Amino acid sequence: MIFASIIISFVAGKYEKTEINPVTDVIRSSYTIDSKRYSFDELPINMKGKQNDPISITTLLPNDVKSGWSICFLSLYSKCEVFVNGRLIGSYGTSQPLPYGHMLGNIRVIIPVDESMAGQPLKLVLTPYYSVSMDISPIIIGREGEIKLFVLNKNLIRLIVITVMLTLGLTSFILLLNQIYEKSGVNVRLFSNFILLDLLVATWLLFSSDLPQFFTSANEASSLVSFLALSSFTIPYAGYCEQMFTSRKNIFYQLQIVGWCIPIINVLLFVTNTADPLDILPITHIYMICVVVLSCVFAFMEPKKTLETRFLLSGIFILFVAATGGFICFFIAPSQGYDGLFFGIGFIGFIISLFLLILSRQLSLIKERHNLEVYKHLAYNNVITGLSNRAAFDEQFTGMGERLTDGEPVTLFLFDLYNHKNLVESLGHTAGDNALRLMGRNLDKAFKAYGNRFHFGGDEFAVIIESTMVDVRKLKSAFEDLSNRTSFSSGTKLSVLVGYATLPFEKGEDFKGRLLDRATEAMREEERRLNAINSQHTGKRQ
């Protein structure tokens, strides 16, 4: 919509006298085409134009022509010259600015007229650059700004199609960047081929329309870009199918190689003045039909019709219907641009189907990634406390060799919820689980900033600290103070045994075992100390 707004603002803003309600009309006088007279009602007529064989169209300008008016007609792939009363007043395509080839599209040419030409004979000479079917239509006349709005209005649906396609392409690009950033395993080639296909189709629709003449006078180059885009957009579609049908990758890979030959041949023949892209357009059509038909056949041959396959078949069906309508329009009215309109609408449906296919695949990928994250969390975390489990504990030691150098200190804390068994027997399993959760929260509060916390299962916990800047005694004291202040269920205190050991890191299998043995021995020593204190208290009471 932004793109559409820019075009409309440019056209309407540049010509200040333009009114919103156009009053353009057609010249309703009789027309003489190559010495044969036709009434206004008999037009348009279809005739076969021959290369370099001029066609003369003569009529009369209305008597009410005013300054600031213009006439408008289709160029019909021809060199155009306009005469009023025998005097040349404008031309189009009479000189070719590119150093190679000659390439003109079929656009609506606008030539200014003024009040001095009112009622004068008007002669339009069309010299076709190619042998093509031509629709000779009545010449449009009106104020210049209104004619420009008329031309824009004729291309409005095409402009909407282009805008939708660019929006889809931009959305896909943002989605691709997001998935790459999140490292979600996105199929970059699938996305890239879709975005390239989308942009090439949008480019073809834009440069084969009347719109380029509003922002550039390089009409020959615009036509060349249009044909090159048309000859190229089946290539990314073949690449897209290569990613879709993995069992047929070689076929679609070879089709891509063949496809690249077509725009290369177009350019080579153009620069050598051998042939123009329009001359070899049938080859482009044959290649397009082959790729689309093969993709349709392989989609039908899929043993299981997935949602992605249905999206692809739906898109191909929409494109087929649109292409059929486009070819019918081309044979009925080859110069009116209705074929491009049908193709544009069909391509919107086709591109949207492919976009939904990509979106479906991406959603499946996200769902799989989420499930993988859930399974990974369950594999490395304790269900009750949410802390890392014994598998994660072992993995941290396995990866220490990549993070640490020999001699760096590693501290291991071991914890035992001393009264957990008694809690379960006296208050039940729910109270026991609550005690484990409280223990996990205390470990988070005391050690989260310094190391990883682990719950081995049951009443056993651990913390690993890989740092030289930590006072482990203060950490132990802070945790014990926190535990002494923690109570639950009728004021029951958490009684925790703590043991720790610090060793300089050494690469080897026995480092973990030695550190674990030291910490275990320290915790047993703590247990013996507490038992001795409890015995003394018991003896005093006796």
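## Strand pairing

Within strand β5, Ile 57 is the bridge partner of Ile 33. This is a predicted model, in which local features need pLDDT of at least 70 and side-chain atom pairs count only at pLDDT 80 or more, whereas totals for chains, interfaces and linings use all residues. Residues are numbered from 1 along each chain as its sequence is written, and side-chain values use heavy atoms, with hydrogens and water left out. Strands (E, at least two residues) and helices (H or I, at least four residues) are DSSP runs, numbered from the N terminus.

Two strands are said to pair if DSSP finds at least two bridges between them. Strand β2, residues 31-33, pairs with strand β5, residues 55-60, in the antiparallel sense over two bridges. Strand β5 also pairs with strand β10, residues 121-128; this pairing is antiparallel and has six bridges. Here Ser 56 stands opposite Val 125 of β10.

## A buried glycine

Gly 142 belongs to strand β12, which covers residues 140-143. Is Gly 142 buried or exposed? Gly 142 counts as buried, because its relative accessibility is 2%. The scale used here calls a residue buried under 20% relative accessible area, exposed over 50%, and partly exposed in between (1.4 Å probe, protein chains only).

Gly 142 and Val 26 are 116 residues apart along the chain, and their C-alpha atoms are separated by 8.2 Å.

## Salt bridges

A salt bridge is a side-chain nitrogen of Lys or Arg within 4 Å of a carboxyl oxygen of Asp or Glu. How many salt bridges does a search of the whole structure find? The search finds eleven. One of them links Arg 514 to Glu 506, with a distance of 3.3 Å from N to O. Arg 514 is partly exposed at 29% relative accessibility, and Glu 506 is partly exposed at 42%. Arg 514 forms a salt bridge with Asp 510 as well, the closest N and O atoms being 3.6 Å apart. Arg 514 and Asp 510 are separated by about one helical turn, because they are four residues apart in helix α16, residues 510-541. Salt bridges that share partners also join Arg 390, Asp 394 and Lys 512 into one network.

## Surface patches

Patches are made of residues with over 30% relative accessible area and no salt bridge; like charges are joined within 9 Å, and nonpolar side chains (Val, Leu, Ile, Met, Phe, Trp, Tyr) within 5 Å. Accessible areas come from the Shrake-Rupley method with a 1.4 Å probe, and for residues only the protein chains shown count as cover. Lys and Arg count as positive and Asp and Glu as negative, while His and the chain ends are not counted. A charge is placed at NZ of Lys, CZ of Arg, CG of Asp or CD of Glu.

The surface carries a patch of positive charge where Arg 437, Arg 441, Lys 445 and Arg 485 gather. Helix α14, residues 429-447, gives the most to this patch, with three residues. Arg 437 is in helix α14 and is partly exposed, with a relative accessible area of 33%. A nonpolar surface patch of about 530 Å² is made by Leu 170, Phe 173, Ile 174, Leu 177, Ile 180 and Val 188. Its largest share, five residues, comes from helix α3, residues 156-181. Phe 173 lies in helix α3 and is partly exposed at 39% relative accessibility.

## Backbone features in loops

Most residues other than glycine have a negative phi, and most peptide bonds are trans. A cis peptide bond joins Leu 43 and Pro 44, with omega at about 0°. Pro 44 is placed in the loop between β3 (36-38) and β4 (45-49).

Ser 35, in the loop between β2 and β3, has a positive phi near 75°. This residue is exposed, at 76% relative accessibility. Asn 85 has a positive phi near 55° and lies in the loop between β7 (78-84) and β8 (87-92). Asn 85 counts as exposed because its relative accessibility is 54%.
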